[in-house]
Amino acid sequence: RHLATIAHANPFIVFNIILTQIESYDNMIIPLVEALNFMTPLALDVLAYMLPLRFADSSRSKLQADGKTLARWFQHLASFTGSFFRTYPMTELRGVPD
């Protein structure tokens, strides 16, 4: 509930920090998806807007050094995105495929 209170004031900054943590630690995905239950619909739409921006970041490699497997940050973010949209299907999904 405290996270929702903080995110209500400025969701872009809060979700930027959350997504950075998710990219680093995959064990935070499920607890954070559950914590999003207290967010407003507008905050969830802001998160849905931010996800494609993170995937499209061209400054980071989406492959590991071997060139064959996906980078860990990309795997974690993809797993979070799937869990997020599976748990909150009412969130606007139109921006993700673009």
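Reply: Start with the length of α4. At 1.5 Å a residue, its 15 residues should span 21 Å. The end C-alpha atoms of α4 are 22 Å apart, which agrees. Keep in mind that this is a predicted model.

Next, the buried side of α4. Its buried residues are Ala43, Leu44, Val46, Leu47, Ala48, Met50, Leu51, Pro52, Arg54 and Phe55. An α-helix has 3.6 residues a turn, so residues three or four places apart point the same way. What covers the buried residues of α4 includes α2 and α5.

Is Arg54 buried or exposed? Its relative accessible area is 14%. Buried means under 20%, so Arg54 counts as buried. Its side chain has a partner: a polar contact of 3.1 Å joins Arg54 to the side chain of Glu23. Beyond its neighbours within four places in sequence, Arg54 touches Asn16, Leu19, Thr20, Glu23, Arg60, Trp73 and Leu77.

Two of those names lead on to α5. Trp73 and Leu77 are among the buried residues of α5. Helix α5 itself covers residues 72–87. Its 16 residues should span 22 Å at 1.5 Å each, and its end C-alpha atoms are 22 Å apart, which agrees.

Now go past α5. Thr91 lies in the segment after α5. Thr91 has a relative accessible area of 5%, so it is buried. A polar atom of the Thr91 side chain lies 3.2 Å from the backbone oxygen of Tyr88. Setting aside neighbours within four places in sequence, Thr91 contacts Leu44, Asp45, Ala48, Phe84 and Phe85. Leu44 and Ala48 are on the list of buried α4 residues.

Last, α2, part of the cover over α4. What does α2 meet on another side of the story? The axes of helix α1 (residues 2–9) and α2 come within 6 Å and cross at roughly 125°. The two helices are therefore oblique to each other. From α1, the contact uses Leu3, Ile6, Ala7, His8 and Ala9. From α2, it uses Pro11, Val14 and Ile18. By class, that makes seven nonpolar residues, one polar and no charged.

Technical notes: Residues are numbered from 1 along each chain as its sequence is written. This is a predicted model: local features need pLDDT of at least 70, side-chain atom pairs count only at pLDDT 80 or more; totals for chains, interfaces and linings use all residues. Side-chain values use heavy atoms; hydrogens and water are left out. Helices (H or I, at least four residues) and strands (E, at least two) are DSSP runs, numbered from the N terminus. The expected span of a helix is 1.5 Å times one less than its number of residues. Buried means under 20% relative accessible area, exposed over 50%, partly exposed in between (1.4 Å probe, protein chains only). A polar contact is a pair of N or O atoms within 3.5 Å; within protein, one must be able to donate a hydrogen and the other to accept it, and residues adjacent in sequence count only if both atoms are side-chain atoms. Contact means heavy atoms within 4.5 Å. Axes are lines fitted to C-alpha atoms, for helices over the stretch in contact, and angles run from 0 to 180 degrees between N-to-C directions. Angles under 35 degrees count as roughly parallel, over 145 as roughly antiparallel, 65 to 115 as roughly perpendicular and the rest as oblique. Ala, Val, Leu, Ile, Met, Phe, Trp, Tyr, Cys and Pro count as nonpolar, Asp, Glu, Lys and Arg as charged, and the others, Gly among them, as polar.
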